[in-house]
Amino acid sequence: MGEIQNIVILTGAGVSAESGIDTFRDAGGLWEQHRVEDVATPEGFARDPDLVLRFYDMRRAAIQAKQPNAAHHALARLDAEWPGELLIVTQNIDDLHERAGAKRLIHMHGEHLNAWCTGCDTRSPWTAPLIDRPACPACGVHGHLRPDVVWFGEMPYRMEEIYRAINRADLFVSIGTSGAVYPAAGFVREARASGARTLELNMEPSQGNHWFDEARQGAATWLVPEWVEEMLGG
Ligand code: NAD
């Protein structure tokens, strides 16, 4: 891969699976026994805020007990050592990339360990429950904090920056994502259209598998360190 300077890496739930965080697929399309429409849409939140807040409170607690795996560590090493441009775009709302040390990172679907005050529009680091309607650390008002995660039907974060990086990329790599959730599932086509090579690392062929120049199948904790070694050693 001699000509490559700029890399964009898209990660999905599969990269955190071996840390013990379920993917949608593992859960049979349900998220921890809940329908996605109930716990991951603005309409679900409006209908039953207690259910949604409790759901995210449990997951926020669970994530803090998990650890980054060899795939997160390998990507953090690539980030630290790669001399060209590099951007990790994650669909994951866990913080395992940054706990492994990744710096050039965008959470396009938000972060589990942030709370967003819809009253004053401030985002604050948040590790405690939200069910008791705590006060916003910025404005002091109770009742307006929600998980800072992008639900279905909401706009993902920092899309302009992401497309700019994709359009400059020589290599686009998709890791542990099913290719079912847009707009992320469309990034590979955007990358191809602007001339990047495309590589998929996933347990099984994704839905957009045919858009990739190369696809390798297997566990992220095996495939990702091997690929990073190729990039840095070769
Ligand atoms: P997905 O569940 O739709 O797909 C996961 C993919 O990872 C599947 O194709 C599966 O074959 C693959 N996979 C499973 N285990 C793997 C492993 N050990 N190594 C390599 N690949 C593996 O997840 P998605 O594509 O990220 O999209 C679904 C949405 O779910 C995203 O919007 C994301 O925000 C959300 N989500 C996030 C988390 C998280 O933050 N950790 C967990 C579940 C869902």
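## The ligand and its surroundings

An oxygen atom of the ligand lies 2.9 Å from an N or O atom in the side chain of N202. The backbone takes part as well: a polar backbone atom of G176 is 3.3 Å from an oxygen atom of the ligand, and a polar backbone atom of A220 is 2.8 Å from a ligand nitrogen. On its own the ligand has 850 Å² of accessible area, and the protein covers 95% of that (areas come from the Shrake-Rupley method with a 1.4 Å probe; for residues, only the protein chains shown count as cover).

There are 27 residues around the ligand, and A13, F24, Q91, T177 and S178 come nearest (a residue is near if one of its heavy atoms lies within 4 Å of the molecule). The ligand sits in the largest pocket. A pocket here is an open set of points on a 1 Å grid over the protein atoms alone, where a 1.4 Å probe fits, with protein on both sides within 12 Å along at least five of seven lines; a molecule sits in it if more than half of its atoms lie within 2 Å of its grid points.

## About the model

This is a predicted model, in which local features need pLDDT of at least 70 and side-chain atom pairs count only at pLDDT 80 or more, while totals for chains, interfaces and linings use all residues. Residues are numbered from 1 along each chain as its sequence is written, and side-chain values use heavy atoms, with hydrogens and water left out.

Let us turn to D148, in strand β6 (residues 145–149); strands are DSSP runs of E with at least two residues, helices are runs of H or I with at least four, and both are numbered from the N terminus. With a relative accessible area of 3%, D148 is buried (under 20%; exposed is over 50% and partly exposed in between, with a 1.4 Å probe and protein chains only).

Which side chains does the side chain of D148 meet in a polar contact? One is R123, at 3.0 Å, and another is Y157, at 2.5 Å. A polar contact is a pair of N or O atoms within 3.5 Å; within protein, one must be able to donate a hydrogen and the other to accept it, and residues adjacent in sequence count only if both atoms are side-chain atoms. Not counting residues up to four places away in sequence, D148 also touches others, including H109, E111 and W116 (contact means heavy atoms within 4.5 Å).

R60 belongs to helix α3 (residues 49–63) and is buried, at 0% relative accessible area. Its side chain reaches the backbone oxygen of A128 at 2.9 Å. Beyond four places in sequence, R60 touches A128 together with H112, L113, W126, T127, P129, L130 and P147.

L10, in strand β1 (residues 7–11), is buried at 3%.

## Backbone details

Most residues other than glycine have a negative phi, and most peptide bonds are trans. A cis peptide bond joins Y182 and P183, with omega about 10°; P183 lies in the loop between β7 (171–175) and α7 (187–193).

D121 is not a glycine, yet has a positive phi of about 60°, and is placed in the loop between β4 (110–117) and β5 (122–125). R158, also not a glycine, has a positive phi of about 55°. R158 is found in the loop between β6 and α6 (159–168) and counts as partly exposed, at 45% relative accessibility.

Methods
On a 1 Å grid over the protein atoms alone, a cavity is a set of points where a 1.4 Å probe fits but cannot get out, and a pocket is an open set with protein on both sides within 12 Å along at least five of seven lines; lining residues have an atom within 4 Å of a point.
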